[in-house]
Amino acid sequence: MTIFLQATAEGLALGAVYSLVAIGFVLIYKAMDVLSFAQPALAVVGAGLISSLAIDRGIPFWISLILGILLTGLLSLIIERTFLRPMVGEPVFSVAVLTIGIDILLRTVLDNWIGLSPRYLGDPFPNFGNFGSITLNGVTLKYLEISAFFTGIFVIIVLSIFFKKSKYGVAMRATSLDQEAALAQGIDVGRIFGLVWFIAGILASMAGFFITGGFNTLTQFSFISALRALPAVVIGGLDSISGAVVGSIIIGLTQGYVGYFQSNLETLIGISLGSGFSLLAPYLIMFAILLVKPDGLFGTEEVERV
Amino acid sequence: MKPLRKQGIIIFSILALVLAACGGGTAEETVEATSETVVETLDSPAVTTASSVKTGVGVTAEPCPEAVGGVPTGADPTKGCIYLGMLNDYTGPYAAVAPALETAQRAFWLWANTAGGIGEYSVAIVEGGDTSYNPQKHLEVYNSQRDKVAALAMSLGTPQTLFILDEMDKDSMVGAPMSWYSGWSYKSVDKGLVVEFGSAYCADGMNALDWALASLPVDIKTIGIMGFAGDYGNDWAAGIQVAAAKNGIEVAWEYLPPTLEFDVAQAVGLMVTKPVDAYFPAVGPTQMAQVAGGAFQQGLTPIAMMAAPSYNDAFVKEGFPLKALFESGAMYSMAWVAPYEADTTAHQTMRATLAQMGVESASSFLVAGWSSQYHLKGVLEAAYKGGDLTREGIRRAAANVYVESDGMMQTRELGQNRADNDSYINIPDGSIASGARLLAPSYVGPTAESYDWTSGPCA
């Protein structure tokens, strides 16, 4: 039972981190009808900025964290203005490929800066408790992961209020429903696109911090963790924020349970599932869900007149 | 949106994700090794002294340039020049260490040229080409250098070097690897072209377990192995499996996914659900810190015997969160030579030469670069003695010659179809510039001692 709870705790924490990336994916998809593959790169760039400010420049960590997150949002905004804005109206496949190019560009520059040695972000989490963890009834909870979980919940609440109550939130919803109608109503769609990318950049950098914080460290391979949020978006439905969160938790829990119970399962069924199964399992779940619900669990079902 | 269009986007997105992931990481490719016996028709050039020297591609009567890439060659202007190729990774995952590797190699030849060179020739490494740790680009860079050089000072990466091996075979191009795959010691794999140096991961794996059993005050009965499949993980794991079988140790689990599929949660999960007395990681620094830290948080501190690529001196730098764990006495790292500070003639020469060049670092990659050139130097000297500095002559020399390294590595007889079996065992130590204190130099455990090294590569 303890191991089950441990796997659950780790799965929920992973899900919380994935959800921060996944919400960014969904926001951009809803606004621009395209998946941005630059999100994982923005996540690690955010972590790199925090590390650079806190470690290389000696700025206090909490200030570095806030600055790093805001700078990543700003970078994201600049990317939208520079690369994406001219692509409005172009085929979504072209735009998606462009975001892959942006992803590679950002990571190449960042990788050169990172080098081979792991980069520490300078956060105090590893100093709390037992190397950054506390044990409750035999279950080890990491402060960084607990923070990720509550940050995820906080972000979801704030975004929900923002979309319902604020002028720009309502404008974003209108833009995501119908860009031309939004334009006709006087909404500055270009500004909304920029705002969406700014928020997505902020969310990505928050995820980047939780992925690389503590002794996880930032290395050239850290972006892979952010990439794992993609099946979560598909499971939840490309255009649903709540779906992204649910999908992320499903992915996180799957990864956690498979990680802890794969060997027991293999013993039970007498078949080896292979070394990479914990990362394959979320995709199997994704395929299964798409077979039943092609639009994802919470995606908007489209009706087409033939 | 139309359902078909949305499904198309999903399918496209997944494919693009896979492509993006492969493009940014260290995708591994393997080439099936072909078996070819190198016909050795000459006596050992090492014991033959010719009166005239036949030369070929990459060897000129004109002197070497004074400097290449801003680094002096130390070449004698009255001597001819032997040019060496350089297949380095300037933009891929090893870009950060490329300068250290290359600096040390150029420093080595600066010293060697100053000390007399290769008979009537000095040696110069040409401008390096960027392979990006990508087999296809590796081949492109090789093609750009193949008509200019007599041998390769460096071919970085196991899968990458395997990828160009057929082309090297056509050219009779000998080269020093920058990897420690056990296959480099066997003609069935390397066609007698790769001038290996230092112990392979396989021998390191055997020695890691034997040394831990013999030297640590821990009763080791069960172990776990983790590593990257397709790269150094398989060779390492094979060695440990042999040692475990010989010592009657239970291998509780073996976790060997490809590099990009390594899941820290699963690695920690294995350690929690199937606790072991010791584990043997051959991963990267990222995974190493997360696995060791994650296990420690759950109250697990088994002995860790790390393959060389797993350890990074950043782990014991001031401020690193896990410094205390890495210095706790539960973690050890393997290496093919002693650390930078070691007291051999070769280490002293290396430090003096690098200091003369203004290099202020104790990086293990400097040691890697420097040590990689000793055996190649021995091969060139043998070819010169044999009066044949053509590529074919250099290849024949590489097939049958004793090479030494001023104490950095054991004297080795190349071309004997058997790998070296000694390893260096270090303990992380932040008080030393290289971050590693030597515990056991040139250690050969009972498994590596009795293993039939003529049986071929471990993996």
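Mentor: Let's start with a term: a residue is buried under 20% relative accessible area, exposed over 50%, and partly exposed in between. Keep in mind as we talk that this is a predicted model.

Trainee: Thanks! Is Asp313(B) then buried, exposed or partly exposed?

Mentor: Asp313(B) has a relative accessible area of 22%. Buried would need a value under 20%, and exposed one over 50%. So the class of Asp313(B) is partly exposed.

Trainee: Which side chain meets Asp313(B) in a salt bridge?

Mentor: The pair is given by an N to O distance of 3.4 Å, and the cut-off for a salt bridge is 4 Å.

Trainee: Which residues do salt bridges with shared partners join into one network?

Mentor: Side chains of opposite charge can pair when their charged atoms come close. In chain B, salt bridges that share partners make one network. Its members are Arg146(B), Glu167(B), Lys170(B) and Asp171(B).

Trainee: How many salt bridges does the structure hold over all chains?

Mentor: Over all chains, the number of salt bridges is 20.

Trainee: What is the volume of the second largest cavity?

Mentor: Glu196(B) comes up again here. For the cavity with a volume of about 100 Å³, the residues closest to its centre, out of 13 in the lining, are Asp190(B), Val194(B), Glu196(B), Ala398(B) and Gly415(B). The lining has 7 nonpolar, 3 polar and 3 charged residues. The volume asked for is about 100 Å³.

Trainee: Which residues are closest to the centre of the largest cavity?

Mentor: The structure holds 10 cavities of 30 Å³ or more, and the largest has a volume of about 700 Å³. Its lining has 37 residues, and the closest to the centre are Leu14(A), Ile211(A), Asn216(A), Val264(B) and Gln290(B).

Trainee: How do the residues of that lining divide into nonpolar, polar and charged?

Mentor: Elements of chain A and chain B both contribute, among them α1 (2-32) of chain A and α10 (285-297) of chain B. By class, the lining of the largest cavity divides into 19 nonpolar, 13 polar and 5 charged.

Trainee: In which loop is Ser172(B)?

Mentor: Ser172(B) has a positive phi of about 55° although it is not a glycine. With a relative accessible area of 9%, Ser172(B) is buried. Its place is the chain B loop between α5 (165-171) and β9 (174-178).

Terms used:
Residues are numbered from 1 along each chain as its sequence is written. Chains are lettered from A and ligands numbered from 1 in the order in which they are written. This is a predicted model: local features need pLDDT of at least 70, side-chain atom pairs count only at pLDDT 80 or more; totals for chains, interfaces and linings use all residues. Side-chain values use heavy atoms; hydrogens and water are left out. On a 1 Å grid over the protein atoms alone, a cavity is a set of points where a 1.4 Å probe fits but cannot get out, and a pocket is an open set with protein on both sides within 12 Å along at least five of seven lines; lining residues have an atom within 4 Å of a point. Grid points are joined across faces, edges and corners, and a volume is the space filled by probe spheres set on the points. Helices (H or I, at least four residues) and strands (E, at least two) are DSSP runs, numbered from the N terminus. Ala, Val, Leu, Ile, Met, Phe, Trp, Tyr, Cys and Pro count as nonpolar, Asp, Glu, Lys and Arg as charged, and the others, Gly among them, as polar. Buried means under 20% relative accessible area, exposed over 50%, partly exposed in between (1.4 Å probe, protein chains only).
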